[in-house]
Amino acid sequence: MSKTPPLVVIGTVAIDELSTPFGARQTVFGGSASFFSYAASFFARVGVVAVVGEDFPEEYRDVLKEREIDLSHLDTLPGKTFHWKGKYESDMNSAITLQTDLNVLLDFKPKIRYEKTPEFVFLANIDPDLQLSVLDQMHGSALKFVACDTMNFWIQSRKDAVLKVLGRVHAVFMNDGEARQLTGEVNLIKAAQQIYNLGPEYVIIKKGEHGALLYSREGVFIYPAYPLETVYDPTGAGDSFAGGVMGYLASARKVNLKIMKTAIAYGTVVASFTVEKFGMSRLREVKREHFDKRLEVLKKICKI
Ligand code: AMP
């Protein structure tokens with residue numbers, strides 16, 4: 001049994017291969033749980049439930065060890081680590097997947113061994129059946145808030161399971177293309193409303209350089225992205241955005257609309273750092289004060 005962090009994430013820990021208009025990398029440390037946990041760790045202690053293969057480099061594990069990240073549930077299985085190959089062309093808002101090798105993910109059966117149920121759980125982008133299996137192991141009234149993410153790959157191949165997940169979470173993070181794909185609705189407000197009707201109280205739709213949209217009982221709220229002149233690598237922007245949001249919520253220990261709005265603003269500034277360099281390298285250079293500074297700029301931009 002290991003000590004329970006206030007925030008736990010299940011997702012992928014990956015070896016990525018990517019190219020953007022600014023260059024290409026054959027092997028980069030990536031994965032939804034990696035970006036999420038690194039970003040969230042600036043706000044709260046976070047536990048990672050994930051799997052890697054025997055080829056997973058020790059230096060990547062060391063990156064997560066730099067932060068207060070609990071790796072007691074990062075399992076190693078025989079075989080290769082999850083591998084994603086993608087590229088970005090002139091539209092840096094949407095990644096083009098060239099190859100997805102699930103590898104050890106196919107044999108992963110997560111077993112939760114924390115002393116207690118964590119208060120906050122994030123079901124990051126991964127097979128929706130794995131998201132459900134982790135959620136099934138989270139019992140008791142300690143569990144305050146569950147959110148999820150997904151992507152076109154799973155909506156296309158496992159839509160029924162994705163819908164099941166949506167019926168069991170308080171919040172969902174999705175990008176605009178995925179919200180349209182899931183609902184078949186072109187108008188984003190209507191798409192968000194349809195997703196809201198599937199269960200989540202907070203529907204957060206990410207729109208890349210155009211910011212984010214929050215649909216809730218209290219209506220629709222719009223957030224700009226932090227204005228950046230150079231975006232090198234958008235990989236992980238969505239996961240680190242969610243990491244900032246959930247990390248902030250876990251530090252607040254409760255969720256209401258006001259707290260959620262601040263959380264989204266923090267998610268926005270965290271993601272703005274992620275995209276400034278390849279992989280996780282920019283996030284590794286920053287401190288919490290950097291986020292607070294950009295948050296002040298964002299507040300000024302939003303004032304009408
Ligand atoms: P994003 O924040 O959306 O840019 O997520 C980028 C990360 O998602 C990459 O580091 C990939 O390793 C990971 N990824 C790509 N495809 C999948 C998939 N089908 N399931 C889970 N994670 C994925």
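1. The charged end of Arg67 sits over the ring of Phe42, 3.9 Å from its centre. (A charge sits over a ring if NZ of Lys or CZ of Arg is within 6 Å of the ring centre and within 35 degrees of the ring normal.) Likewise, Arg294 places its charged end over the ring of Phe273, at 3.8 Å from the centre.

2. A word on the basis of these notes. This is a predicted model, in which local features need pLDDT of at least 70 and side-chain atom pairs count only at pLDDT 80 or more, while totals for chains, interfaces and linings use all residues. Residues are numbered from 1 along each chain as its sequence is written, and side-chain values use heavy atoms, with hydrogens and water left out.

3. Phe42 and Phe273 also belong to one aromatic cluster, together with Tyr38, Phe43, Tyr248, Tyr266 and Phe291. The structure holds 18 aromatic pairs; rings of Phe, Tyr and Trp (its six-membered ring) pair if their centres lie within 6.5 Å, and planes under 30 degrees apart count as stacked, over 60 as edge-to-face and the rest as tilted.

4. Phe36 lies in helix α1 (residues 32-40) and Phe122 in strand β9 (residues 120-123), so the pair ties together parts that are 86 residues apart in sequence. (Helices, H or I of at least four residues, and strands, E of at least two, are DSSP runs numbered from the N terminus.) Phe36 counts as buried at 0% relative accessibility, and Phe122 counts as buried at 0%. (Buried means under 20% relative accessible area, exposed over 50%, partly exposed in between, with a 1.4 Å probe and protein chains only.)

5. Tyr248 in helix α8 (residues 237-252) and Tyr266 in helix α9 (residues 257-274) are 18 residues apart, and the pair links distant parts of the chain. Tyr248 is buried, at 19% relative accessible area, and Tyr266 is buried at 7%.

6. Finally, please look at Pro21, in the loop between β2 (14-20) and β3 (23-30). Pro21 is exposed, with a relative accessible area of 51%. Leaving aside neighbours within four places in sequence, Pro21 is in contact (heavy atoms within 4.5 Å) with Tyr88, Glu89 and Met92.
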